[in-house]
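I opened this entry to look up how the parts of one chain meet. My notes follow in the order I took them.

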Amino acid sequence: MTMKELLSTHYPFWNHLSEEEQQAFVTCSTIQEYKKGNLLQDKHHHCLGIFLVQSGQVRVYIQSDEGREITLFRINPNEICTLSAGCVMEEISFEIMMEATEDSVLLISGTPCLRRLMGSNLYMENYIYKHIAEHFSDVMWAISEILFKSFDKRLAGYLEDEKLNRKSTTIQATHDEIAKELGSAREVVSRMLKYFEKEGIVSLSRGTIQITNEAKLRALAL
């Protein structure tokens with residue numbers, strides 16, 4: 001697909017842009033590739049623009065001064081992230097980080113162009129504001145999980161979600177990766193997984209978690 005076809009397919013405000021605005025949107029959009037583990041955005045580079053994930057996956061998270069991470073949400077293929085363009089709105093001062101969790105291909109539309117187009121086109125501005133509000137709903141859900149849900153339930157919920165996403169009861173993940181996902185310490189994850197193993201819910205091996213009792217895991221996650 002051409003750049004114009006990609007943008008017109010995935011952005012519902014496309015038909016409300018003038019020909020000049022459409023051309024500007026095309027001109028400021030590029031395809032970029034990121035290797036697994038590459039940072040897209042951090043505390044020092046925090047206004048990437050909006051992007052569409054064509055392939056791969058992007059993790060959006062926050063990080064404390066001590067390096068502790070909390071995953072807020074993930075952007076999967078054919079999904080759009082607008083929180084990466086939050087700096088175009090003065091009302092938002094929210095430092096987030098983003099990394100590719102897989103080799104990824106993104107369609108990125110840069111911030112300077114977005115700022116100009118949002119200033120001249122109400123449809124585009126409304127779309128981005130609405131999309132950012134949806135992202136904040138995901139953020140609030142992640143924070144409420146941390147504040148109000150016990151860690152055993154959060155870990156069980158994570159394993160249940162991974163099982164469904166991967167369509168497999170075998171989960172390839174290190175304890176450190178799970179700790180980053182859940183905003184906890186690796187030692188806490190290890191202790192809880194060992195408890196799950198004693199309860200017959202999982203079996204553990206290096207870098208692998210095998211779910212052995214799906215019903216018990218599902219009940220714990222509720």
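**Arg74 and Glu181**

I place Arg74 in strand 5 and Glu181 in helix 6 (residues 175-182), so the pair ties together parts that are 107 residues apart in sequence. I keep in mind that this is a predicted model. I then searched the whole structure and found 12 salt bridges.

**Domains**

I looked up the domain assignment next. It gives domain 1 as 3-147 and domain 2 as 149-221. I took the centres over C-alpha atoms, and 30 Å separate domain 1 from domain 2.

I also checked the UniProt record. An unreviewed entry there places the feature "domain: HTH crp-type" at residues 149-215. Over residues 149-215 I read 58% helix and 16% strand. The end C-alpha atoms of that stretch are 20 Å apart.

**Where the domains meet**

How many residues of domain 1 are in contact with domain 2? I count 10 residues of domain 1, and they touch eight residues of domain 2.

Interface size is often given as the accessible area lost when the parts come together. For domain 1 and domain 2 I note a buried area of about 760 Å². Carbon and sulfur atoms give 33% of that area.

I turned to the polar side of the interface. Six residue pairs are in polar contact between domain 1 and domain 2, both residues at pLDDT 80 or more. The count of salt bridges between domain 1 and domain 2 is two.

Which elements give two or more residues to the side of domain 1 that touches domain 2? I find strand 5 (69-75) and helix 4 (122-148). By class, I sort that side of domain 1 into three nonpolar, two polar and five charged residues.

Notes:
Residues numbered from 1 in each chain as written. Predicted model: local features only at pLDDT ≥ 70, side-chain atom pairs only at ≥ 80, totals over all residues. Heavy atoms only, no water. Domains from an automatic or database assignment. Contact = heavy atoms within 4.5 Å. Buried area = accessible area lost by both parts, 1.4 Å probe. Salt bridge = Lys/Arg side-chain N within 4 Å of Asp/Glu carboxyl O. Polar contact = N/O pair within 3.5 Å; in protein donor to acceptor, adjacent residues only side chain to side chain. Helix = DSSP H or I, 4+ residues; strand = E, 2+ residues; numbered from the N terminus. Nonpolar A, V, L, I, M, F, W, Y, C, P; charged D, E, K, R; others polar. UniProt positions renumbered as here; feature names shortened; annotations may be inferred.
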